[in-house]
Amino acid sequence: MARGSRGRGGGILVLTDRRLLFVLAGHRYRSSEDLLLTNVSSVEWAGGMMLGRIIVHAAGDRMEIAKVNKRDGRRIVDLIQGRLGPPPPAPPPELPADPVRDDRLRRIAALREAGVLSREEFEVKIARLLRPE
């Protein structure tokens, strides 16, 4: 939990196990904003001497909470980043079309399905066939 400001005034930033919630309370208004952590793509900390800003990107939106205590803000950002985990691995490069290779892959798969090849033999043959030259 941390105090900060967003838009029209100050409020409280709360991190739960599933969401990031900012409760804004002023003299004439009360509102809240929340982001599901599963929608958060990145979070940044921009710190000054004593205060800083938390910038959260989620589902195409950007939420910025300013005037956050440095220690509390850094801790919230670290906790969110820990929940985000590492970025997903890049997809493997596509192999260029090769009808001979594709036919061999189909035949090897058919042998595996027929029980002629063990799982280990199948994996070795596939790895050899897909190995870059």
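## Backbone and surface features of a predicted model

Lys 67 is placed in strand E7. The model described here is predicted. The phi angle of Lys 67 is near 55 degrees, a positive value in a residue other than glycine. Most residues other than glycine have a negative phi. Lys 67 counts as exposed because its relative accessibility is 58%, above the cut-off of 50%.

Ala 59 also has a positive phi, near 50 degrees. This alanine lies in the loop between strand E6 (51-58) and strand E7 (61-69). With a relative accessible area of 62%, Ala 59 is exposed.

A nonpolar patch on the surface is formed by Met 1, Ile 12 and Val 23. Together, these three residues have about 280 Å² of accessible area. Val 23 belongs to strand E3, which covers residues 19-25. Its relative accessibility is 34%, so Val 23 counts as partly exposed; that class lies between 20% and 50%.

Leu 79 is found in helix H1, residues 70-84. This leucine is partly exposed, with a relative accessible area of 35%. Leu 79 and Leu 15 are 64 residues apart in sequence, and their C-alpha atoms are 8.7 Å apart in space.

The accessibility values are set out below.

| Residue | Relative accessible area | Class |
|---|---|---|
| Val 23 | 34% | partly exposed |
| Ala 59 | 62% | exposed |
| Lys 67 | 58% | exposed |
| Leu 79 | 35% | partly exposed |

Technical notes: Residues numbered from 1 in each chain as written. Predicted model: local features only at pLDDT ≥ 70, side-chain atom pairs only at ≥ 80, totals over all residues. Heavy atoms only, no water. Patch = residues over 30% accessible without salt bridge, like charges linked within 9 Å, V, L, I, M, F, W, Y side chains within 5 Å. Areas by Shrake-Rupley, 256 points an atom, 1.4 Å probe, with all protein chains shown as cover. Salt bridge = Lys/Arg side-chain N within 4 Å of Asp/Glu carboxyl O. Helix = DSSP H or I, 4+ residues; strand = E, 2+ residues; numbered from the N terminus. Buried < 20%, exposed > 50% of the residue type's maximum accessible area, 1.4 Å probe, protein only.
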